Amino acid sequence: METSALARRLAARFVAGDSLADALEAGRRINRERISLTLDHLGENVTSLAEAEASRDVYLRLLGEMADQKIDGNVSIKLTQFGIDISEDACGRNVEQLVRRAKELNSFVRVDMESSEYTERTLQLVTLLHSQHSAVGTVIQAYLHRSEKDVETLCRRGIRVRLCKGAYLEPAEVAYQAKAEVDRNFVHLMKILLAAGTYPAIATHDEKMIDETKSFARSRQIAPETFEFQMLYGIRRDLQRRLVAEGYRLRLYVPFGKAWYPYFMRRLAERPANLAFLARNFFRA
Ligand code: FDA
C-alpha cells in the first residue's frame with residue numbers, strides 16, 4: 001500500500017506529505033489560518049534501536065526547524081516508535097532527550113496514547129519526565145474505564161492532557177463499547193479537565209462534544225485561552241474554520257512521512273463514509 005501511487009494519493013487527504021520539508025510547509029500554511037499544529041512523523045512499532053534513534057533524531061530536527069522558522073507548533077510521538085517494545089530504558093532515554101530539547105526551545109512533546117497494553121507504561125514515563133523537565137504531556141482516551149482515575153491524577157500533577165475518544169480496538173473488560181457510553185465519559189472527563197486541568201486539549205470532530213465543551217466553559221466562565229480544541233489534519237475543515245472564527249484556540253494534528261498505512265487505516269475505520277470515498281476513487285482511477 002505505502003508504495004502504491006493510487007493509495008498514496010488517497011492518503012494525501014490525511015497526511016501532509018512524505019518529507020520534513022512538506023511538514024514544515026503545511027505548518028506555515030496552517031499558521032496563516034491562525035491555527036497551531038502538532039507534527040507527527042509517521043511510524044510506529046519500530047523493530048530496532050537504530051530505527052528508534054532515527055525517529056528521535058527526526059523529531060529533534062523538527063523542533064529545531066520549527067523554532068528557527070517561527071512555526072507555532074509542537075510534536076506528538078508514539079512510544080512504540082521510540083523503542084518501547086525493544087527496551088523501556090532506551091525508549092525512556094530517547095524521549096528524555098527530546099523533552100529536554102523541547103524545554104530549551106520553549107516547545108512541548110505530546111506522547112500519544114496507543115493501545116491499552118501501553119497505557120500504564122506511557123503514564124509512568126510521562127509522569128517521570130514531567131517531574132524532571134515539565135515540557136511533556138500525554139493523551140487520555142475516553143473509551144477506557146480507567147480514564148477518570150488517570151485524569152484526576154494527571155490534573156493533580158499539573159500534567160497537560162489531550163482528551164480523545166480512543167482509536168484502537170479494545171475489549172469490553174477495559175473499554176466502553178457503545179458510542180453513547182464513550183461520549184458520556186468524554187463529556188464527564190472534559191468537565192474535570194476544564195475545571196482542574198493544565199491547559200487541556202479537547203480533541204474531537206464531534207460537534208456534540210464541541211458544543212458541550214463550549215457551553216461548559218461559558219457556564220463556568222472558563223476563558224477560551226485556558227484550553228484548546230484539537231482536530232486531525234484533513235478532517236472537518238468547515239468546523240475548524242468556524243471554531244477559529246469564533247475565537248477558540250485550535251491545533252491541528254499533522255502527520256507526515258512515508259509510513260502512513262496504519263494511521264490511514266485507523267482514519268478509514270472511524271467512518272464508513274471514508275470507505276465509500278476510497279472505493280469511489282479506486283474505481284475512478
Ligand atoms: P467520532 O468518531 O464520534 O466522529 C464524530 C464526527 O467527526 C463524525 O461524524 C465525522 O463527521 C467526523 N469524523 C471523525 N473521524 C473522522 C474521519 N476519520 N474521517 C472523516 N470524518 C471523521 N486516538 C488515540 O487512541 N490516541 C491518541 O493519541 C489520539 N490522538 C488524537 C489527536 C487528535 C488531535 C485527534 C483529533 C484525535 C486523536 N485520536 C487519538 C483519535 C481519536 O481517538 C478518535 O479516534 C478520532 O478523533 C475520531 O473521534 P471523534 O472524537 O472525532 O468522534
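In this predicted model, Y199 counts as buried, because its relative accessibility is 18% and the cut-off for buried is under 20% relative accessible area. Y199 belongs to the loop that runs between α7 and β6, the latter spanning residues 201-203. The backbone of Y199 has a positive phi of about 40°, although Y199 is not a glycine.

A positive phi is also found at R236, with a value of about 55°, and R236 is likewise not a glycine. R236 lies in the loop between β7 and α9, where α9 covers residues 237-245. With a relative accessibility of 29%, R236 counts as partly exposed; the reason is that partly exposed residues fall between the limit of 20% for buried and the limit of 50% for exposed.

Y168 is placed in a loop as well, between β5 and α7, the helix of residues 179-196. Y168 counts as buried because its relative accessibility is 18%. In sequence, Y168 and S116 are 52 residues apart, while their C-alpha atoms are 8.4 Å apart in space.

N74 is part of strand β2, which comprises residues 73-77. The relative accessible area of N74 is 5%, and N74 is therefore buried. The side chain of N74 is joined to the side chain of T38 by a polar contact of 2.7 Å.

The ligand sits in the largest pocket of the model. Elements giving two or more residues to the shell around the ligand are β4 (136-141), β5 (161-164), β7 (228-232) and α10 (261-270). Among the elements, β7 makes the greatest contribution to this shell, with three residues. In total, 25 residues surround the ligand. K165, G166, T204, H205 and E270 are the closest of these residues. Sorted by class, the shell contains ten nonpolar, six polar and nine charged residues.

At M113, a backbone N or O atom lies 2.8 Å from a nitrogen atom of the ligand. For K179, a polar side-chain atom is 2.9 Å away from an oxygen atom of the ligand. The ligand taken alone exposes 920 Å², of which 88% is buried by the protein.

Definitions and conventions:
Residues numbered from 1 in each chain as written. Predicted model: local features only at pLDDT ≥ 70, side-chain atom pairs only at ≥ 80, totals over all residues. Heavy atoms only, no water. Near = heavy atom within 4 Å. Polar contact = N/O pair within 3.5 Å; in protein donor to acceptor, adjacent residues only side chain to side chain. Areas by Shrake-Rupley, 256 points an atom, 1.4 Å probe, with all protein chains shown as cover. 1 Å grid on protein atoms, 1.4 Å probe; cavity = no way out; pocket = protein on both sides within 12 Å on 5 of 7 lines; lining within 4 Å. Sits in = over half its atoms within 2 Å of the grid points. Helix = DSSP H or I, 4+ residues; strand = E, 2+ residues; numbered from the N terminus. Nonpolar A, V, L, I, M, F, W, Y, C, P; charged D, E, K, R; others polar. Buried < 20%, exposed > 50% of the residue type's maximum accessible area, 1.4 Å probe, protein only.
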